[in-house]
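Subject: Structure handover and findings

Hello,

My notes on what turned up in it follow below.

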Amino acid sequence: MSSSNNPGASRTTLTPSTTNGTAAKSSGTLVPTNNVTTKDGVTVRARIDPTLNVDDVVRQLCVNLKVTDPSSHFALRDRDTDELVTNDNLRKKIKNKVHLRLVNASHIEAAEILQKLTYPDEKSLRLSLFSLQKYIKEEKFAQEFLNLDGLQALVHVIYTEHGNTLAYALTAVQNLMDLEYGWSPLNDEFIFKIVQILASPHSLINVCRPATAILKKLVEADPMNAPGPIVASSSRGLPQLPPDSVYKFGFQCVFQQMQRGKGSLETVINRLGSADTAMALNSLLLVNSLLSHVNDARWDEFIYELEQLNVRKAVIRLMSSHITDDLTSCILDFQANMIRVTYRKKTTLVEPQAEPTHDSLLQYVWDSSKLHEEVDPDGHQVKWKKVGFGSENIIEEFQEVGLLGLDCLFNFIRNDAEFFSKVVLEQLSRPEERRCPIAKASNEIVELLSEHWAIFAPAYSTPTTYQPFFLNFYKVHTLAMQFFLRMWSESGSASGDFGRIIALTRSQVKVALEGENTKPWHTLEQDFLECEYRAVRDRQMQELEAEDDLLSKVPVRNLKEKLMRESAEFVRQQRIQCLLQGTWFINGVPPAQTGTLKRLNAPWRFMRLDNGYKYLHYVDSPAKFEVRSGLEDLPDRIEVATISQIATGTCTPLSSAMHNHVDLPASNTPSPLSFSLLTANEGSLADHIATDQSTWADWTDGLNMLRRDGGHVTSDETAGYIKALTEIGLKIKLLDLTGEKVDIPSGLMAGPPPSNTDFFFSDLL
């Protein structure tokens with residue numbers, strides 16, 4: 001075999017082959033490593049030196065095959081997967097004896113596809129776009145395509161085409177947006193076009209899926225999400241970005257165009273009920289992105305519109321109609337987002353003089369009572385006390401429950417305005433000491449429900465199971481209010497019994513909401529509306545014998561909230577430390593691919609997170625070995641930013657792993673210790689099976705906690721750790737107090753403000 005002067009010539013050799021592509025037996029001693037098929041369809045057997053780079057390999061192949069065109073016009077691809085061979089994966093391709101194809105180089109392929117995008121022939125255009133949506137995932141091809149101004153041509157296709165051709169073009173843009181550069185020229189008109197496509201009732205499902213994913217990417221391309229070091233600053237301005245940065249869009253850009261496209265948000269929410277699981281998934285991903293990135297300026301408007309469109313009801317229906325792991329993860333993320341929404345409402349002060357919406361809600365409450373203002377003998381106005389508040393200072397009355405409390409009272413009244421008016425008038429007909437403080441009870445029940453669902457720690461305490469009753473927060477509040485009023489009436493209570501009836505309600509809330517992920521709604525209604533006073537009282541007495549009344553006091557509850565946040569942050573750091581340390585996993589296979597997977601021979605994988613939290617580095621191996629610290633032994637990597645979901649219970653072990661691991665079930669049933677790293681549009685990046693429950697919990701929750709949108713806690717083990725640490729910390733703190741016999745008040749009243757500002761805070765010595 002002849003060789004050239006280039007240094008790789010003698011290290012890439014070919015064996016003779018017949019014209020039909022069948023390789024002849026080599027007469028030399030060199031053993032071929034790979035089959036290579038040329039553009040003419042001829043297959044040769046080649047021995048490729050793994051120490052060479054790809055350019056040298058291609059150059060020597062062209063020399064040996066007597067190709068007249070420059071070697072820079074060619075590249076190598078995996079024949080089966082069409083994956084481009086690069087310096088990063090060349091050694092793996094050689095090791096696995098992958099069948100390769102000699103094809104056009106990326107710049108040639110990009111130029112040819114770009115030229116075909118201008119063809120009037122529909123078939124040629126569709127075929128070119130089909131190839132483009134696949135090749136544009138490759139960074140080298142994408143750079144060449146962008147350098148040729150291909151994005152403008154692709155956008156033109158989106159403006160003019162429809163059907164499958166449009167679907168391929170949108171998918172190509174979606175795949176391009178996985179890169180952190182190149183799509184900054186997209187503008188408001190393009191976003192509006194995507195919104196129009198999404199809102200159109202004539203758009204096909206395969207068109208709506210990538211359109212929804214594109215909007216999600218644009219929402220997440222917020223300037224505050226731009227990569228780079230976080231610099232401490234007192235400035236509230238946006239970070240300085242280069243002119244060509246793709247992190248210039250965000251919630252404001254997308255929602256503004258959605259407002260132009262009437263009914264677009266409604267269409268997205270309606271598609272949550274789509275029979276196409278992928279469509280429902282993409283729609284919920286978009287809703288979650290909007291919820292995670294909504295800015296303060298549009299927060300009220302956006303949340304109000306979501307509530308008006310009954311997004312909670314749509315997600316509750318999803319809970320019972322779909323069981324796929326990726327959709328389950330999205331539903332849990334939605335729950336976590338709604339906990340944050342609820343928390344924000346609870347901490348938003350009610351200010352009727354500054355907020356017209358607050359004033360209109362309060363006016364509705366007053367008008368529904370059908371009462372008239374009065375003046376007491378001292379000349380003071382009497383209005384809100386008649387509805388059941390403790391004072392006329394409405395801002396102070398909602399101090400603890402905020403706008404959430406006002407919303408709950410509004411929804412309780414709206415549920416049956418005549419009933420509310422009747423109850424208020426009935427209470428006013430009684431002596432003052434026998435009246436039920438209805439509005440005060442409403443706020444207390446908001447506190448009970450917030451405590452039950454841990455609304456005070458939304459960034460840390462996220463649910464691991466479905467909570468359909470939480471998504472029906474206002475309805476549950478109404479049921480609890482009806483229970484409270486019935487207990488008050490049946491027990492003949494007076495004003496001094498308010499705390500006792502609230503305690504009864506707390507007990508009933510705990511029992512009624514237990515196991516809500518499997519409990520039907522009608523059973524919940526029965527628990528609140530049909531239970532007898534004596535039965536509730538007897539059960540409460542048993543509960544009081546088992547727990548200390550100290551835990552129900554407001555200062556202790558506030559202490560518990562603080563300790564829970566600290567415990568959650570401690571567990572989060574522990575989980576991330578486990579990722580930084582790394583561990584061995586068993587490579588898994590999704591059940592649907594068990595029979596078709598051709599190459600995943602190594603049963604073991606060691607995975608470790610880098611110190612920058614950007615990449616998961618890993619190595620596959622037929623057996624475990626001692627992995628050194630650092631990343632030298634881990635040649636492959638996965639970008640953390642590309643992971644959109646952590647799906648659990650998704651795969652079975654390789655057959656080669658089952659021989660050496662007796663704990664694994666020999667069946668196609670997914671292992672409970674398995675999990676997959678999923679992207680928004682490419683499926684699974686990796687499928688793993690942990691060797692034990694603790695490792696599974698460490699990694700699934702640790703990876704979720706790394707996600708930009710916050711993710712959610714997957715395992716009961718992590719949630720249990722947070723709860724246990726909180727309870728231990730609380731007991732230790734209370735031991736300090738009770739040992740000193742300190743009396744803890746049920747609440748603290750703020751003193752009057754200073755009469756002037758002629759004072760300063762001295763330094764403590």
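This is a predicted model: local features need pLDDT of at least 70, side-chain atom pairs count only at pLDDT 80 or more; totals for chains, interfaces and linings use all residues.

Helix 8 (residues 188–199) packs against helix 9 (residues 205–220), with an angle of about 140° and axes 9 Å apart.

Which residues make the contact? From helix 8 come F190, I191, I194, V195, I197 and L198. They meet V207, C208, A211, T212, I214, L215 and L218 of helix 9. By class, the contact of helix 8 with helix 9 has 12 nonpolar residues, 1 polar and no charged.

On the helix 3 side, the contact uses E109, I113 and K116. On the helix 4 side, L125, S128, S131, L132 and Y135 take part. This contact divides into 4 nonpolar, 2 polar and 2 charged residues.

K116 sits in helix 3. Its relative accessibility is 33%, so K116 counts as partly exposed. K116 and L129 are 13 residues apart in sequence, and their C-alpha atoms are 8.9 Å apart.

**The chain as a whole**

How many helices and strands does the chain have? The secondary structure comes to 30 helices and 15 strands. The chain has 765 residues, and 49% of them are buried. Take the contacts in the chain with a separation of 6 or more: residues 24 or more positions apart account for 69% of them.

**Aromatic pairs**

A pair of aromatic rings is described by the distance of the centres and the angle of the planes. Searching the whole structure gives 24 aromatic pairs. One of them joins F470 and F473. Their ring centres are 6.4 Å apart, the planes stand at 90°, and the pair is edge-to-face. Are these two residues buried or exposed? F470 has a relative accessible area of 0%, so it is buried. F473 is at 2%, so it counts as buried.

F585 belongs to strand 8 (residues 583–589), while W699 belongs to helix 29 (residues 693–706). The pair therefore ties together parts that are 114 residues apart in sequence. Both F585 and W699 are buried.

W366, W384, F389 and F398 form it.

**Positive phi**

Most residues other than glycine have a negative phi. Two residues to check against that follow.

- D149 has a positive phi, near 65°, and is not a glycine. D149 lies in the loop between helix 5 (139–147) and helix 6 (150–160). Its relative accessible area is 45%, so D149 is partly exposed.
- N310 has a positive phi near 55°, again in a residue other than glycine. N310 lies in the loop between helix 13 (299–308) and helix 14 (311–321). Its relative accessible area is 46%, so N310 is partly exposed.

**A loop residue**

Where does L52 lie? L52 is in the loop between strand 3 (43–48) and helix 1 (54–64). With a relative accessible area of 7%, L52 is buried. L52 and R91 are 39 residues apart in sequence. In space, they are 9.2 Å apart, C-alpha to C-alpha.

Best regards

Technical notes:
Residues are numbered from 1 along each chain as its sequence is written. Side-chain values use heavy atoms; hydrogens and water are left out. Contact means heavy atoms within 4.5 Å. Helices (H or I, at least four residues) and strands (E, at least two) are DSSP runs, numbered from the N terminus. Ala, Val, Leu, Ile, Met, Phe, Trp, Tyr, Cys and Pro count as nonpolar, Asp, Glu, Lys and Arg as charged, and the others, Gly among them, as polar. Rings of Phe, Tyr and Trp (its six-membered ring) pair if their centres lie within 6.5 Å; planes under 30 degrees apart count as stacked, over 60 as edge-to-face and the rest as tilted. Buried means under 20% relative accessible area, exposed over 50%, partly exposed in between (1.4 Å probe, protein chains only). Axes are lines fitted to C-alpha atoms, for helices over the stretch in contact, and angles run from 0 to 180 degrees between N-to-C directions.
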